[in-house]
Amino acid sequence: MTARACKVLIIGGGPGGYVAAIRAGQLGLDTVLVEQGAVGGTCLNVGCIPSKALIHTAEVFSDASALALDNPFGITSAAPQIDLARAVAWKDGIVSRLTGGVATLLRKARVNVLQGRAQIMDGKTVEVTATDGTVETLRCENLVIATGARAQTIPTLPFGGDILSSTEVLALETVPKRLCVVGGGYIGLEIGTAMAKLGAQVTIVEAAPQLLPLHDGDLIKPVAKRLAALNVQVLTEARAQNYADGQLEVMVGETRELIAADKVLVTVGRVPNIDGFGLESLGLDRNGRYLAIDGHCRTSMRGVYAVGDVTGEPMLAHRAMAQGDLVARVIAGEPVVWDKRAMPAVCFTDPEIVVVGQLPTQAGDAGVAIFPFAGNGRAMTRDRDDGFVRIVFTRESGLVLGIQAVGAGVSEMAGQFALALEMGATLTDIAATIQAHPTQSEAVQEAALKGLGMALHI
Amino acid sequence: MTISSIKVPDVGEGVAEVEIVVWHVKPGDLVREDDLLADVMTDKATVEIPSLFAGTVVDLGGAVGETLAVGGVLCRIEHAGTGVEPEVRNAVHAGERVETASEPNRERTTAEPTPDIAKAEPPTVHKTPAGMPSAPRPEGQTPLASPAVRDRARRAGIDLRTVPGSGPAGRITDTDLDAVFAARSTPRSSASTRQRKEGTERIPVIGLRRKIADRMALANARIPHITVIEEVDVSALEDLRATMNDERGERPKLTLLPFLAAALRRAFIDHPEMNAHFLDDEGIIERHNAIHLGIATMTPNGLVVPVLRNAETYGLFGAAGEIARLADAARQGKAKREELSGSTFTITSLGPLGALATTPIINHPEVAILGVNRMAVRPMWDGTQFVPRRMMNISASFDHRVIDGWNATTFIQRLRALLQTPALIFMEDEA
């Protein structure tokens, strides 16, 4: 058995872990990254990226299907067909390109990547069992836990067979005829919408009174409208029970319903991966079910850090990346601290939803200004004028507390929303910034003008 | 449009004039009703004066530091003219109406059909008089700054919570940070200390600082001080205090002050000449039966003396609670006028910073003041060996015109005996 020493040892090669590793390597720290699968984690392999590939495929197919019907563009076309296996292969190509890219970046940063499974012996010692069975013991000065999260299971609906998690549904090679999605959060809605566009009969079962329980009703309305147009059946305050013989038993209030489904997708949240690799033996402080961390991503044990989904909500790849960068710099002795004002969150539903900062419901008696895309020229020329941009601001100084938008393509606006919040922008700052015409971004400027009582186009 | 005057309101009994401490507006500013116009200062309290109208500030009645009579014009505001209080309308002179009428252009530009008050600049950030440090934002509020500014501050070890922001919504700009760097680097960098320096900073002495200056000058000019310094073994007193604090339950924590108040009450029985006022202009000494104990308190704006009225009526815990409340009110500038005046004897304590000895200045027209110095464990000779004892000096000044040295020293010896054997304080008839 060999024992080697390193400055930084990172367990988990997802967005949190690989960014921490690259930055640590760039800063000249002797860094080892342990990953049992492919680098890139959930995000690159079975999460963000594959789901966006599927969503794009579904959109292209849906657009093409629309052209087979009467359309305002005067285009005549035959109904399209799809070979989902080929689309999945295309998606796999993107994933391998990205994971390969990450591997290259890690190599360039002189990070030592160990393919294998880590077992924590104590806060400074980790045993890695490589894929070929060889065991290596590593001594590290700093340990970073970046083991991510996995899909939450429902005891009566264990994954396997026709009961799928998001991972399996993204690898399907044929479109299921009838898909039932249990859990109306953003993952369920994104995949459910895509499958509906690809031709599946989709039913969404949500236990809460509304879809996307963390968003407010105004943001959800355009999405709910579109789901209805796609013939997606939405059951709220409904609890999935059992699945047998192609039928899912659902309790809607007191009534028992049977929903025919060829596949059941369960997306009821994600649980942190903090068991099964010796982490329990460290006895780290918890924050609910997650690891408790401070503003430097330090856990309760000196020299042990945690980043990403193991540290709790919001479980977002960009949060993990920012934490990974922070952790590397903390270990390198830089005077950095977590002081972010803005954490953008995007739902790639149809239309898309972007949330940055405080919602009106969270901001007390703050001012709220809304500009609808119905008043935006570019939105009309894309034949999608549903949705709006909304700014939440303090009444005294016009300080922007939050910006949200719902509409086709608004995910690309997340950047300017986050920038405004992070820079501490006021309504005047946004209103005085010229936006290119004709773009959907003009709605942001108009919302700010409206907040100042000086709207031009409404 | 009408121009109305905002008058200096009657802020309390007997106050005839006030001093302007801060202007929150300048001519041309748009103000809303109840927006703060100015802070004015009476003898010791600061009063905020709000606007009665929504409109435009025309002119100000004086500069910061100037004194205005109660009822005088604080500033004038041009407004839409409805809802004018009769009293105020009377104050509008005919000449002012003419002035407005003769400037129709200005009226058109400054007065839209419905003036958009939302566009009005928020009242300027409350600034304390020069030289008085103050927190730039309410406690707990995160400072607003761009990531680049935050990073620059962190690298330089600057806590942004202490940096005032000049940008919109109080945002801290790079320039604000430059100012902090400039202030820090001046004394630090050895290169710059050797450079010849030019210029003088002129700080107007206004508001509370001017009051303090006037009162200190008066006391020092009129009163020939004699200061007596004595050391007191407070070991027993401290043991008693610790025991009582351990058992206090929900009651306020006892500091040394309630014990001093109790000891003074006891000492005044034999020394009524100490709880007195010397009205030097009239040639009268007033001996007071009630003990109104002034307690010199440091506030962010300077020294104020809240008064524990009728200290003779309080028990230890009662006094502790009231003293804490008064000090808190004084620090927040919320103490009432009657809570800041009328003392018959004053205690000044600098707490742990209290020095070995001090020469306190008497709070005119009182005749004595008790200063409390730092407590420390010192080796004391008990006749056979050195023993560690908790020692504390008291430094008391007396008005030598009316208190002789002998009286002063016997009073101090009495006080010392009471503090060294605290049981004596509470032995009502035996001591």
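Visitor: What makes α12(A) count as mostly covered?

Guide: In this predicted model, 10 of the 10 residues of α12(A) are buried. A residue is called buried if 20 or more other C-beta atoms lie within 10 Å of its own.

Visitor: Where is Pro438(A) found, and what makes the bond from His437(A) to Pro438(A) cis?

Guide: Pro438(A) lies in the loop between α11 (427-431) and α12 (442-451) of chain A. The peptide bond that reaches Pro438(A) from His437(A) has omega near -5° and is cis. Pro351(A) sits in the loop between β19 (345-347) and β20 (352-357) of chain A.

Visitor: Which phi does Asn231(A) have, and why is Asn231(A) called exposed?

Guide: Asn231(A) is not a glycine, yet its phi is positive, about 60°. Its place is the loop between α7 (217-229) and β10 (233-235) of chain A. Asn231(A) has 10, so it is exposed.

Visitor: Is Ala169(B) buried or exposed, and how do you know?

Guide: The cut-off for buried is 20 or more other C-beta atoms within 10 Å. Ala169(B) has 20, so it is buried. Ala169(B) also has a positive phi, near 60°, in a residue other than glycine. It belongs to the loop between α4 (147-155) and α5 (174-188) of chain B.

Visitor: What makes β1 and β3 of chain B edge strands?

Guide: Four strands of chain B form an open sheet in the order β1-β8-β6-β3, with antiparallel pairing. β1 (2-7) and β3 (30-31) of chain B each pair on one side only, and these are the edge strands.

Visitor: How do you know that β6 and β8 of chain B pair?

Guide: Two strands pair if DSSP finds at least two bridges between them. Strand β6 (residues 55-60) and strand β8 (residues 73-79) of chain B have five bridges, in the antiparallel sense. Within this pair, Thr56(B) stands opposite Glu78(B) in β8(B).

Visitor: How do α3(A) and α4(A) pack, and what is the hand of their crossing?

Guide: The axes of α3 (residues 48-67) and α4 (residues 84-108) of chain A are 10 Å apart, at an angle of about 145°. The crossing is right-handed. On the α3(A) side, the residues that meet α4(A) include Ile49(A), Ala53(A) and Leu54(A), and among those in α4(A) are Trp90(A), Lys91(A) and Ile94(A). By class, this contact has nine nonpolar, one polar and one charged residues.

Visitor: How many residues of chain A are in contact with chain B?

Guide: 14 residues of chain A are in contact with 14 residues of chain B, where contact requires C-beta atoms within 7 Å. The side of chain A that touches chain B has five nonpolar, six polar and three charged residues.

Methods. Residues are numbered from 1 along each chain as its sequence is written. Chains are lettered from A and ligands numbered from 1 in the order in which they are written. This is a predicted model: local features need pLDDT of at least 70, side-chain atom pairs count only at pLDDT 80 or more; totals for chains, interfaces and linings use all residues. Helices (H or I, at least four residues) and strands (E, at least two) are DSSP runs, numbered from the N terminus. A residue is buried if 20 or more other C-beta atoms lie within 10 Å of its own, exposed if 12 or fewer, and partly exposed in between; C-beta atoms are placed from the backbone. Axes are lines fitted to C-alpha atoms, for helices over the stretch in contact, and angles run from 0 to 180 degrees between N-to-C directions. A crossing is left-handed if the near helix is turned anticlockwise from the far one by less than a right angle, and right-handed if clockwise. Two residues are in contact if their C-beta atoms, placed from the backbone, lie within 7 Å. Ala, Val, Leu, Ile, Met, Phe, Trp, Tyr, Cys and Pro count as nonpolar, Asp, Glu, Lys and Arg as charged, and the others, Gly among them, as polar.
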